[in-house]
Amino acid sequence: MEYTQEQIDGVVNVTGAKLFITHVLGTYVEAVSVGMQLSHDSDGLTQREIETIQGLLP
Amino acid sequence: MASISGQSTSNIDNVDGFFTTQGGSGTASPSPTFTVENSVTYFNNSITITNHGSYTDPTFQVIVERNGVEIVNTVTPDTSIAWADTADVSLTRTIKVRAQEFGDFIQSAEVTSTYTKSALGFRYFRIYGSSNGTTPSTGWFGIMNFRIYSGAGQTGTQYPANLTSDSSGESSGYFVDSDYVYSSSYAAYKAFDSNLNSWSWTLSVPTAARNYNGFYFDPTIFPTVPTMSSMTFRSYSTPSAAYALFMASNTGAFSGEETLIASARINTSSNATYNFG
């Protein structure tokens, strides 16, 4: 799956860079995983999707 | 010595103190006792050895026969012994269990039990997300594909037929049975389309009772439900649910009358397919 810079930025803005990097380096972070899927599928994040990701933050 | 006059030697051991295989302790291991998980099953079954503690380093041989034809043969030291029954549904199965303790050269006498494999004659089918493998929970999950087949081994007619929307199968008698999806991007029918890259998703499902997706056969078009024997399920990766529960009902109430026909542990880090029957 390929992502645009905007899709990645949208997720990082919600999860924070530290969690995002943690996930990218191999430690599964549900909020990042779900966020990337939502961001990809809707080409950006809606307010509801942002709240969903925030609800998954550790 | 494998047999005498066509009779397996292990069946005639210890007749009047005679053993066909000599050595080791010279005595047969004690007979196993066990319970059978399901007297009627749809796909899998298992036994639990209940006198495991009375042995020292035992192994158990489990043979399952259908009409005298062996369909399972496994040897294990485990207390719980499970198997997939992929043979046709008709005819009773016979379970034959023997124990052999370390140091004994002779297996125990054979202990038998039976069970029946039943076809999936239900009208409603749902998959629920679960944290414990027995009851639904709010752990979300995604269904990339869920189909039931008329034949064993995912062969024959596929139910439901491919859907292109939540209502596209209704004229053919296939109704989507869902109470929650995260958004229209993850609509319920995407569990039943032919696209293995799309899925229905219960992300953020508010209650365990709504954490399902499935389908049912319209009673007008299907006054008698088809006879089905096998099933496939493809799970979207890293669900928060640990298990998928496969429930079936004839009323659609799912208020206690439903039958748990199978379960699968699904907390894998990648998409995964699970076949039953």
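This is a predicted model: local features need pLDDT of at least 70, side-chain atom pairs count only at pLDDT 80 or more; totals for chains, interfaces and linings use all residues.
**A colleague's note on the two-chain model**

1. Let us start with a helix in chain A. On one side of α1(A), Gln5(A) and Glu6(A) are exposed. The buried residues of this helix, which covers residues 5-15, are Gln7(A), Gly10(A), Val11(A), Val14(A) and Thr15(A).

2. Just after α1(A) comes Gly16(A), which takes a positive phi of about 90 degrees.

3. Next, have a look at where the chains meet. Here seven residues of chain A are in contact with six residues of chain B. With five residues, α3(A) gives the most to chain A's side of this contact. By class, that side has two nonpolar, three polar and two charged residues.

4. Chain B is divided into two domains, with domain 1 spanning 3-117 and domain 2 spanning 124-276. Their C-alpha centres lie 36 Å apart. Between them, six residues of domain 1 of chain B are in contact with six residues of domain 2 of chain B. The domain 1 side of this contact has three nonpolar, two polar and one charged residues.

5. In soluble globular proteins, nonpolar side chains tend to be buried together. The largest nonpolar core here has 60 residues, and Ile127(B), Trp201(B) and Ala244(B) have the most contacts inside it. Strand β18 (residues 243-249) of chain B provides the largest share of this core, six residues. Apart from it lies another core, of twelve residues, with Phe34(B), Val64(B), Ile95(B) and Ala99(B) among them.

6. Which residues does Ala244(B) touch, not counting residues up to four places away in sequence? They are Ile127(B), Gly129(B), Phe141(B), Phe233(B), Ser235(B), Ser263(B), Ala264(B) and Ile266(B).

7. Strand β16 (residues 212-217) of chain B has six of its six residues buried, so β16(B) is largely enclosed by the rest of the structure. In a regular strand the side chains alternate between the two faces of the sheet. In β16(B), Tyr212(B), Gly214(B) and Tyr216(B) point one way, while Asn213(B), Phe215(B) and Phe217(B) point the other way.

8. Which strands pair with β16(B)? Strand β11 (residues 124-130) of chain B is joined to β16(B) by five bridges, and the two run antiparallel. Here Tyr128(B) has Tyr212(B) as its bridge partner. Strand β14 (residues 174-178) of chain B also pairs with β16(B) in the antiparallel sense, over five bridges. In this pairing Tyr174(B) stands opposite Phe217(B).

9. Finally, a residue in a loop. Asn38(B) lies between β3 (34-36) and β4 (40-41) of chain B. Is Asn38(B) buried, exposed or partly exposed? With 15 other C-beta atoms within 10 Å, Asn38(B) is partly exposed. Leaving aside neighbours within four places in sequence, Asn38(B) is in contact with Asn45(B) and Tyr115(B). Asn38(B) and Thr116(B) are 78 residues apart in sequence, yet their C-alpha atoms are 8.5 Å apart in space.

Notes. Residues are numbered from 1 along each chain as its sequence is written. Chains are lettered from A and ligands numbered from 1 in the order in which they are written. Domain bounds come from an automatic or database domain assignment. Two residues are in contact if their C-beta atoms, placed from the backbone, lie within 7 Å. Ala, Val, Leu, Ile, Met, Phe, Trp, Tyr, Cys and Pro count as nonpolar, Asp, Glu, Lys and Arg as charged, and the others, Gly among them, as polar. A residue is buried if 20 or more other C-beta atoms lie within 10 Å of its own, exposed if 12 or fewer, and partly exposed in between; C-beta atoms are placed from the backbone. Helices (H or I, at least four residues) and strands (E, at least two) are DSSP runs, numbered from the N terminus. A nonpolar core is a set of buried Ala, Val, Leu, Ile, Met, Phe, Trp, Tyr and Cys residues joined through C-beta atoms within 7 Å. Two strands pair if DSSP finds at least two bridges between them.
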